[in-house]
Amino acid sequence: MNMARKKQLKVYGTRIRGHRERWVVKGKGRYFWVRRDSKGRFLAYGKWSPKEPLEKTLFTETEPLIIEYERGKEALRKVREVVREWEWIDFEAES
Amino acid sequence: MTHEWVNSGFCIGFNTDRGLLLDLDNMKFRKALWIAETLLKRHKLEGFLLIKSSSKNYHVVFNRYLSWRTITKVLFSLYECVRWAVFQMKEGQLTLRISKKNGRDKPKILRQVGKTDNLIKDYLEVYEKFRNF
């Protein structure tokens, strides 16, 4: 059976999205946001991911980038190009 | 178990929908080896590469190219692979990390069994190229 060989690499992480929007960021726990009142009493929580803004002006995306290649050398070159195009960020999501 | 985001820089993954990759989390080496050997014999997968991604976490790459239908069948044939299978079915492809992640080292190859001329060759090609990532 002659199956078409599609070679792919995936580059993933949290990268900065170009535009800025107004967004209210709730307090974050470990992969959860937690909303508290002015006295620090618990009000609500929900799932959090870096798809949501890290700050009011910092928007991120996590969609993986797919890189197609035929040879290892080509893969290395393409990955380097793609990685350089974006600004990758570190963040903490500890409770 | 909560999904772990890449929270430091970026990560590179080897991606395929034409062969079998396994991510075996939270198990001992002997169990991971047993799973790899069982699938190898049961489905005639030609050979496998057993890789340690971190403490108690292992990756397996099988050599034979397969159709997506067969991959699905093989993954759901073993209880230990079902959780991984469900997540990968949603993606429509199988991915294994080949670079560092969140301060953890890149995966280390532990054992090579049988043939290595198809999918394992593809994996090793990029694994070697991305040695410094």
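Helix α3 (residues 82-91) of chain B has B:W84, B:A85 and B:Q88 as its buried residues, buried being under 20% relative accessible area with a 1.4 Å probe and protein chains only. These residues sit on the same side of α3(B), because they cover an arc of only 100° around the axis, taken from the directions from the helix axis to the C-beta atoms. Helices (H or I, at least four residues) and strands (E, at least two) are DSSP runs numbered from the N terminus. This is a predicted model, where local features need pLDDT of at least 70 and side-chain atom pairs count only at pLDDT 80 or more. Residues are numbered from 1 along each chain, chains are lettered from A, and side-chain values use heavy atoms, leaving out hydrogens and water.

Among the elements covering the buried residues of α3(B) are β2 (19-24), α2 (68-75) and β5 (94-97) of chain B. Just past α3(B), B:G92 takes a positive phi of about 85°.

As for β2(B), six of its six residues are buried. B:G19, B:L21 and B:D23 lie on one side, with B:L20, B:L22 and B:L24 on the other. β2(B) pairs with strand β4 (residues 57-65) of chain B, antiparallel, over five bridges, where pairing takes at least two DSSP bridges. One bridge joins B:L24 to B:Y58.

B:L20 and B:L22 turn up again in the largest nonpolar core, where, of 53 residues, they touch the most other members along with A:L9, B:L39, B:F62 and B:F130. Such a core is a set of buried Ala, Val, Leu, Ile, Met, Phe, Trp, Tyr and Cys residues joined through side-chain atoms within 4.5 Å. Apart from it lies another core of ten residues, including A:W33 and A:I89.

Technical notes: Buried means under 20% relative accessible area, exposed over 50%, partly exposed in between (1.4 Å probe, protein chains only). Contact means heavy atoms within 4.5 Å.
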